[in-house]
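Biologist: I'm new to this one. Can you put it up and walk me through it?
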Amino acid sequence: FEPLTNITASLINNEIKETLGNHEPRVRIRTLIVTPKFEENGFSVFLLVEIQNQIAPITINLFLSRLR
């Protein structure tokens, strides 16, 4: 990613929220944390969501890296 900064992490955070809000109305975000990982040249994403009519929340951990 260029640039690999907290500002880019914030932009990714906002895009995830907007995308889920626009395309998946059954999902409610409880926690969303996007952290730049300078050593790995990417972003760590932690997402905890509640899905309508589901009892347990779902946790998603992923790593975003640039494809070349």
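Biologist: Is Glu50 buried, partly exposed or exposed?
Modeller: Glu50 is partly exposed, at a relative accessible area of 27%. Buried means under 20% relative accessible area and exposed over 50%, with partly exposed in between (1.4 Å probe, protein chains only). This is a predicted model, where local features need pLDDT of at least 70 and side-chain atom pairs count only at pLDDT 80 or more, while totals for chains, interfaces and linings use all residues. Residues are numbered from 1 along each chain as its sequence is written, and side-chain values use heavy atoms, with hydrogens and water left out.
Biologist: Which residue forms a salt bridge with Glu50 at 2.6 Å?
Modeller: Arg28 does, 2.6 Å being the distance between the closest N and O atoms. A salt bridge here is a side-chain nitrogen of Lys or Arg within 4 Å of a carboxyl oxygen of Asp or Glu.
Biologist: What about Arg30 and Glu50?
Modeller: Arg30 also forms a salt bridge with Glu50, with the closest N and O atoms 3.3 Å apart. Arg30 lies in S1 and Glu50 in S2, so this pair ties together parts 20 residues apart in sequence.
Biologist: How many salt bridges does the structure hold?
Modeller: Three. One of them joins the side chains of Arg26 and Glu24, at 2.7 Å from N to O. Arg26 is partly exposed at 48%, and Glu24 is partly exposed at 22%.
Biologist: New topic. How do S2 and S3 pair?
Modeller: S2 and strand S3 (residues 58-65) pair in the antiparallel sense over eight bridges; DSSP has to find at least two bridges for two strands to count as paired. Gly42 stands opposite Ser65 in S3. The hairpin of S2 and S3 has six residues between the strands, and Asn53 takes a positive phi near 70° there.
Biologist: Which residues are in the largest nonpolar core?
Modeller: Leu4, Ala9, Ile12, Leu32, Val34, Phe43, Val45, Leu47 and Val49, nine residues. S2 gives the most to this core, with four. A nonpolar core is a set of buried Ala, Val, Leu, Ile, Met, Phe, Trp, Tyr and Cys residues joined through side-chain atoms within 4.5 Å.

Terms used. Helices (H or I, at least four residues) and strands (E, at least two) are DSSP runs, numbered from the N terminus.
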